[in-house]
Amino acid sequence: MLLTITTTLAPATDLGFLLHKHPDRVQAFGQAFGTAHVFYPEADAARCTAALLLDVDPVKLVRTRGKSTPDFSLGQYVNDRPYAASSLLASAMAGVFRTAMRGRCELRPELARTAIPLEVTLPALPCRGGPERAEGFFAPLGWQVGAVPVPLDPGFPGWGDSRYVSLTLTGELRLADALNQLYVLLPVLDDAKHYWVAPDEVDKLIRAGEGWLAAHPDRAGITRRYLANRRGLVRTALGRLADSEDAPEDELDRDPIEEEPPAADPTAAEPGAAPEPDPEHTAAVPPVPLAERRVQAVLETLHAQRTPRVIDLGCGSGKLVGRLGQDRYFEKITGVDVSERALFIARRRGLQDDHGPDRVPRVELLQGALTYADERFRGYDAAVLMEVIEHIDPPRLPAVERVVFGDARPRVVVVTTPNSEYNVRYEGLAPGAMRHPDHRFEWTRAEFRRWAERVAADHGYQVRYVPVGDDDPDVGAPTQLGVFTR
Ligand code: SAH
């Protein structure tokens, strides 16, 4: 199986830095199931192409079969599919391009963060659902999609098309995003990867999907196929996606798992692939997603505290800012985030178009860092830090405390953060794992209280606590909310 990635970046050979693979070399990487080769069929300043060729050793593949690694569990397909196994390609990508997929590049850090012109080709991609499905998955991500069905046998046109397409993707994307999208979507298009899915696949999916999956119109279909319809895992993954800052607003209004029924899938009859019965999910009223309950809890708190002027610190893509904007009680709403990308998404939502009677904008978005005192943060009745503190490196947290409680000093500060004790209730979250790859810590209820009491005492605030989400008798609620007042 062959994957090529081409760029016309100037100079195009910088692709070698981004992929951490030198354009002059042919390199081979041993895999459990064969060998992955990386080489550059063309490498000049105007155009550079990297190729990943997977040479599958059927004997090795058979030997690894049965090991508890889903990527290798090709089962009955093993004999006829060694040259087209998308999951093996995805697995090889994860090994060979690991650093590039994390968006890291010490020698060209700026480039790793920037969208660059890319062309990706896969001459023989197994693709259930045909070219339309490939188009449906890749086009919403900003790719121009060329997908041509491969005939079963070119000598016998009457035989029709095979289940393979020749795929060409063209677009301007961050290389890391492109690689992660391929990593997730190639096996999903193949749809033959899994009849055994390990719980850590949820973490892999969330990590690889960061920045694009939550906002994908078919995120539910992708997630279901990726997780082989294991309902508990699918529910956890969709819940975590709805919770992420990239999730679109409308995501909050429905239960993603109920969006569409699982497709009737003949391959689901394979051992272990049967969708699990989901006893919890028989309730007539679909549960309200946690992200929505959190927004509601914050809005209720702000109303109860009578705070018409609100600053949302670490606003992300503007989930809360949008809701504050819809509520005419709030007179002045400002969202602040350090991430240009998050603010770009927030602006695209049109959050800044709203003007008050005096034509002063009611809603504003600012780029800023919470670790530096900033006079633009002053003059509000309330500041909100919704799911933000856990994204701050612990040594930087005291700076944020000083900026918010010491310098901006609004009458009310609302802080929400995950309750780590609740994590045992998420199926598919490994013990000790955190809910989001960018979290620097997650606190127990006692840890949050210890922090909050100390901060309140240092800066002359009182604090009380509100559980958000179902308050489990043993482990508490999934989200903890602290209301600081002075
Ligand atoms: N409050 C939003 C987003 C939470 S994600 C929501 O609940 O949907 C955390 C956000 O904090 C991210 O958008 C991140 O960019 C931002 N952030 C992290 N560290 C920051 C800092 N030092 N200054 C400003 N924003 C920061």
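**Aromatic cluster around Phe 405 and Tyr 461.** Phe 405, Phe 441, Trp 443, Phe 448, Trp 451, Tyr 461, Tyr 465 and Phe 484 make up one aromatic cluster, where rings of Phe, Tyr and Trp (its six-membered ring) pair if their centres lie within 6.5 Å, and planes under 30 degrees apart count as stacked, over 60 as edge-to-face and the rest as tilted. The model is predicted, so local features need pLDDT of at least 70 and side-chain atom pairs pLDDT 80 or more, whereas totals for chains, interfaces and linings use all residues. Residues are numbered from 1 along each chain as its sequence is written, and side-chain values use heavy atoms, without hydrogens and water.

**Edge-to-face pair of Tyr 329 and Phe 330.** The structure holds ten aromatic pairs; in one of them, the ring centres of Tyr 329 and Phe 330 are 5.1 Å apart with planes at 80°, so this pair is edge-to-face. Phe 330 is buried at a relative accessible area of 0%, while Tyr 329, at 27%, is partly exposed (buried means under 20% relative accessible area, exposed over 50%, partly exposed in between, with a 1.4 Å probe and protein chains only).

A polar side-chain atom of Asp 337 lies 2.6 Å from a ligand oxygen atom, and a polar backbone atom of Leu 370 is 2.9 Å from a ligand nitrogen atom. A backbone N or O atom of Val 338 lies 3.3 Å from a nitrogen atom of the ligand.

**Cysteines Cys 105 and Cys 315.** Cys 105 is buried at 7% relative accessibility, and Cys 315 is likewise buried, at 6%.

Conventions
A polar contact is a pair of N or O atoms within 3.5 Å; within protein, one must be able to donate a hydrogen and the other to accept it, and residues adjacent in sequence count only if both atoms are side-chain atoms.
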